[in-house]
Amino acid sequence: MLNGNTKRRADNSPMTTFTQPEPLTDAELDRLGDFLESRKSGKAMNLEELDGFFAALIAGPETVMPSEYYREVFGREMSEACDFGSLGEANEILGLMMRHWNTIAATLYKGEVYVPLLRDENGVAQANDWAHGFMRGMGMRHDGWAELVDDEEHGGCLIPMMMLFHEHDEDPEMRPRPISPEKREDIIAHMAAGLLQAYRYFRAQRQAGASARSSEPRRMAPKVGRNDPCPCGSGKKYKKCCGGATVN
């Protein structure tokens, strides 16, 4: 079971230049999660980890294109890991991923706290996978994130993620003190608040480096045809990139 929903404002939302994303339904989240778990590599992210990973990419100092992060998500090149049954299935899965990205981005763009999508284990959300995904996202732009990590005034917003990331570290010196259920709930709440703080911290940097694409919510793209440019940003035709070698 997954929890975590984003709030949506009425039509007078300040985000007027973007299409309002429709959050994935429970059935769509299950569909995406099942697809990730069934990848041949066995190294694909689970849905909770993907949520944290996307959150870090969106909040970070610069844009990371799908052509760069797909390998992280699927555990290897998409053409090797994803045996889509048809072009329709490829459009479906990539569309679900884009909609989830846009849900996170739209929430942060409006200045609202995004509630992480967490798995319940025996009724308790652990959030370790989310923190692992977030740290993997930070690793995509390590030098940029280092600025916030080293910032004495603002860097504390990342402590909740680091605590949960290192909770079961092989090195005992890296582990935090044992976390009670009550303390875990508090850490998760601060983790969500810290995400918004990180997003605000890097806002000017993202805007300065913005080009045709940005980390802000994107317009929903139409379905991709085989001769259209691949949505991953590689510059190749879809049939020669993510669509060609992956559709049976």
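The secondary structure of this predicted model comes to 10 helices and three strands, where helices (H or I, at least four residues) and strands (E, at least two) are DSSP runs numbered from the N terminus. Along the sequence these elements follow the pattern β-α-α-α-α-α-β-β-α-α-α-α-α. Residues are numbered from 1 along each chain as its sequence is written. Because the model is predicted, local features need pLDDT of at least 70 and side-chain atom pairs count only at pLDDT 80 or more, while totals for chains, interfaces and linings use all residues; side-chain values use heavy atoms, with hydrogens and water left out.

Of the 248 residues in the protein, 46% are buried; buried means under 20% relative accessible area, exposed over 50%, and partly exposed in between (1.4 Å probe, protein chains only). Among contacts with a separation of 6 or more, 72% join residues 24 or more positions apart, a contact being heavy atoms within 4.5 Å.

One place to look is the packing of helix α1 (residues 26–37) against helix α5 (residues 87–109). Their axes are 10 Å apart and the angle is about 115 degrees. Axes are lines fitted to C-alpha atoms, for helices over the stretch in contact, and angles run from 0 to 180 degrees between N-to-C directions. This makes α1 roughly perpendicular to α5, since angles of 65 to 115 degrees count as roughly perpendicular, those under 35 as roughly parallel, those over 145 as roughly antiparallel and the rest as oblique. From α1, the contact is made by Glu 28, Leu 29, Arg 31, Leu 32 and Phe 35; from α5, the residues include Glu 92, Ile 93, Leu 96, Arg 99 and His 100. By class, this contact has six nonpolar, one polar and five charged residues. Here Ala, Val, Leu, Ile, Met, Phe, Trp, Tyr, Cys and Pro count as nonpolar, Asp, Glu, Lys and Arg as charged, and the others, Gly among them, as polar.

Side chains of opposite charge can pair when their charged atoms come close. The whole structure has 11 salt bridges, each a side-chain nitrogen of Lys or Arg within 4 Å of a carboxyl oxygen of Asp or Glu. One of them joins Arg 99 and Glu 28, whose closest N and O atoms are 3.0 Å apart. Arg 99 is in helix α5 and Glu 28 in helix α1, so this pair ties together parts 71 residues apart in sequence. Arg 99 is buried at 16% relative accessibility, whereas Glu 28 is partly exposed at 22%.

Another salt bridge links Glu 48 with Arg 119, the closest N and O atoms being 4.0 Å apart. Glu 48 belongs to helix α2 (residues 47–59) and Arg 119 to strand β2 (residues 118–121), so parts 71 residues apart in sequence are tied together. Glu 48 is buried, at 2% relative accessibility, and Arg 119 is partly exposed, at 29%.

Glu 68 and Arg 141 also meet in a salt bridge, at 2.9 Å from N to O. Glu 68 lies in helix α3 (residues 66–74), and Arg 141 in the loop between α6 (128–140) and α7 (142–149), so the pair ties together parts 73 residues apart in sequence. Glu 68 is partly exposed, with a relative accessible area of 36%, while Arg 141 is buried at 16%.
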